[in-house]
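Please find below a short note for a colleague who is new to this structure. The points follow the displayed model.

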Amino acid sequence: MIAEAIGRAFDLPVASIAPGDVPDHFGWIGTFFGMDLAATSTATQNLLGWTPTGPALVEDLDGGAYAT
């Protein structure tokens with residue numbers, strides 16, 4: 001989903017790669033790319049009393065925020 005939004009923003013092709021093919025395609029960094037690493041802002045929100053108000057990442061990418 002994120003890769004697709006980046007591809008749209010920069011008019012680049014995006015292809016799906018089977019999990020078993022990731023190390024061969026990307027080399028040593030393929031292990032990192034293939035990891036299921038969830039991330040949230042929960043700890044930051046709790047620590048700082050912060051509540052996000054802006055768009056989600058994909059919405060931000062589709063809005064052109066990073067394509068300057």
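**Notes on the predicted model**

1. L12 lies in the loop that joins α1 to α2 (22–26). Helices here are DSSP runs (H or I, at least four residues), numbered from the N terminus.

2. The model is predicted: local features need pLDDT of at least 70, side-chain atom pairs count only at pLDDT 80 or more, and totals for chains, interfaces and linings use all residues. Residues are numbered from 1 along each chain as its sequence is written, and side-chain values use heavy atoms, with hydrogens and water left out.

3. The largest contribution is that of α1, with three residues.

4. How many salt bridges does the structure hold? There is one (a side-chain nitrogen of Lys or Arg within 4 Å of a carboxyl oxygen of Asp or Glu). It pairs the side chains of D62 and R8, at 2.9 Å from N to O. The pair connects distant parts of the chain, 54 residues apart: D62 is in helix α5 (residues 57–62) and R8 in helix α1 (residues 2–10).

5. A3 is also placed in helix α1. A3 is partly exposed, because its relative accessibility is 45% (buried is under 20%, exposed over 50%, partly exposed in between; 1.4 Å probe, protein chains only).

Note on methods
Helices (H or I, at least four residues) and strands (E, at least two) are DSSP runs, numbered from the N terminus.
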